[in-house]
Amino acid sequence: MVSVAEITPVDPSAPGRMARLLAMVRRHRVFAAAIGVGAVLRLITMLGYGPAMWFNDSYEYVSVALHPRPHPIRPDGYSFWLMLLQPFHSFSLVTFTQHLMGLATACLIYALLRIKFRLPKWGATLAAAPVLFDAYQIQLEQMVMSDTLFMLLVVGVITMVLWKRRLTWKAGAVVGLLLALTWLTRSIGLPILALVVLYLLVKRTGWRPITAVITACAIPVMAYMGWFASAYGKFAMTNSDGLILYMRTAIFADCNKMDIDKYKEVQLLLLCITDPVEDRKDHAQWYLWGQGNGNGNGTGEVLHRWGVNKKWSEITNDAASKFATRAILSQPGDYLRVVARDFFRSFNWSRPTFPDEPTYLMYEFKPYEQLDENGQPKRLPKWASYAGGRTDTDAFSYEQGPPETRIVQPWATIMSSYQKVFYLRGIMVGGILLIGLYGVAVRWRKFGGPVVLPWLGAVGLLLAPAATAEFDYRYVLPAVPLACIAAAITLRRGVTWGRRSPKSSSASEPTTVTA
């Protein structure tokens, strides 16, 4: 007798993937609408400013992607990403992935606040709104720059750490790997690592997850530093930390107050700027990137005294580090003054031109084609790059076609007009941070609770450039998502100035609910 396997009947009423997706969109219709609008704005940007927009640092990222090597000024993490996309020969694809990163960052914020911290759907959407709608955020995603990738990695780290009530060693390993990628993308990833480890220690997470975080972060970073040592003979990430700190101190450093031994410390004397402090440039970047004859009389930057090819050498970097440290210790008041001044630049109502007009204009959507002095469409700069190459030819080689930004109407005018109105003003960033500070203060018995990690991360991302380099508008944007997370967690139960009831105070902070 032959038996036939019984066929399991199919329930036609069972929802398919598309039906489940539509149901999820309906449940989160407010956030879905916000994501949709954000995606449309990004599409208009790509249509109006393709294939990509350019910043001064962009060309070196492309050069490293074409000719892999440890870069002396900045880590290569973003260049590795460009390297992965190189076979497609499309800067449009690069910017498309960066727009996806921006949208993914908003999704992480929404998921963390809605599912973990029980915010109402409109509240979680509001916290993600600056990432979705800020015109300068969208413009930064359209640039060949590392900031969007860095922001996604930082928000990913904070999301994972806050999501887990008890971080397992496996989750710790993932966090450590993300921290390594963060550090390899921008050097400021090191303070983020220190902040996460400190937070886990205060939470008494246990030695296994903390060890996993440190180990998983250390392995890729140490491998990169070994690669750097093979090229430069120094076990480090860059050869620029001392030079950048020198740039920070150059606008106030007075060698007459620094007690430099003119017989034993000749290298430090070479870094002295002879023109009076009141006559110096008001932006520190000039003393690292300015081009001049190096006579120290206000017409050039003194690092050219070492020779152009020696500027990024280990010797110059070490001397600059010693000079900057001496300047800070000799003039702590002047140092704190410039740090505070740059830190509070983040909170202006408008966006004053800083550090200079050419840099400021790189962050603007322009509704017209840029022309050179001959009235022709402006091309990429023809700066020297690695192995005898040039920045414009490197970009052409990557794109396999013209890489210059093409202004296309009416899309460019739409985004240029949009940018004049829709962006998060600095004073609003300050207000968001103050809300987070309140959240830390009322949880002082718990060392700030879950609010303290994103809040300190946001403040650190604003303070670190002011303390070690100089303020730049693009440094503010990665701090905004963390500030919004901290403020949203603070406000999830409303602002209460009195004592909490025993029931609410004993309740655990993060509670998972069904989305």
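**Reading aromatic pairs and a helix**

Reader: How does Trp383 count at 42% relative accessibility?

Author: Trp383 counts as partly exposed, because 42% falls between the cut-offs: buried is under 20%, exposed over 50%. Note that this is a predicted model.

Reader: How is a pair of aromatic rings described?

Author: By the distance of the centres and the angle of the planes. The structure holds 23 aromatic pairs.

Reader: Which parts does the pair of Tyr59 and Trp383 tie together?

Author: Tyr59 sits in helix α3 (residues 58-66), and Trp383 in the loop between α17 (357-361) and α18 (391-399), so the pair joins parts 324 residues apart in sequence. Tyr59 has a relative accessible area of 6%, so the residue is buried.

Reader: Which residues do ring pairs link into a cluster?

Author: Trp54, Tyr59, Phe91, Trp383 and Tyr398.

Reader: What type of aromatic pair do Tyr418 and Phe422 form?

Author: A stacked one: 4.7 Å centre to centre, 20° between the planes. Tyr418 is buried at 15% relative accessibility. Phe422, at 46%, is partly exposed.

Reader: On to helices. How far does α5 reach from its first C-alpha to its last?

Author: Compare the span with the expected one. Helix α5 (residues 91-116) has 26 residues and reaches 37 Å, close to the 38 Å expected at 1.5 Å a residue.

Reader: What caps the N-terminal end of α5?

Author: Ser90 does, with a side-chain oxygen 3.3 Å from the backbone nitrogen of Ser92. Just after α5, Arg118 has a positive phi of about 60°.

Methods. Residues numbered from 1 in each chain as written. Predicted model: local features only at pLDDT ≥ 70, side-chain atom pairs only at ≥ 80, totals over all residues. Heavy atoms only, no water. Helix = DSSP H or I, 4+ residues; strand = E, 2+ residues; numbered from the N terminus. Expected span 1.5 Å × (residues − 1). Polar contact = N/O pair within 3.5 Å; in protein donor to acceptor, adjacent residues only side chain to side chain. Phe/Tyr/Trp six-rings, centres within 6.5 Å; stacked < 30°, edge-to-face > 60°. Buried < 20%, exposed > 50% of the residue type's maximum accessible area, 1.4 Å probe, protein only.
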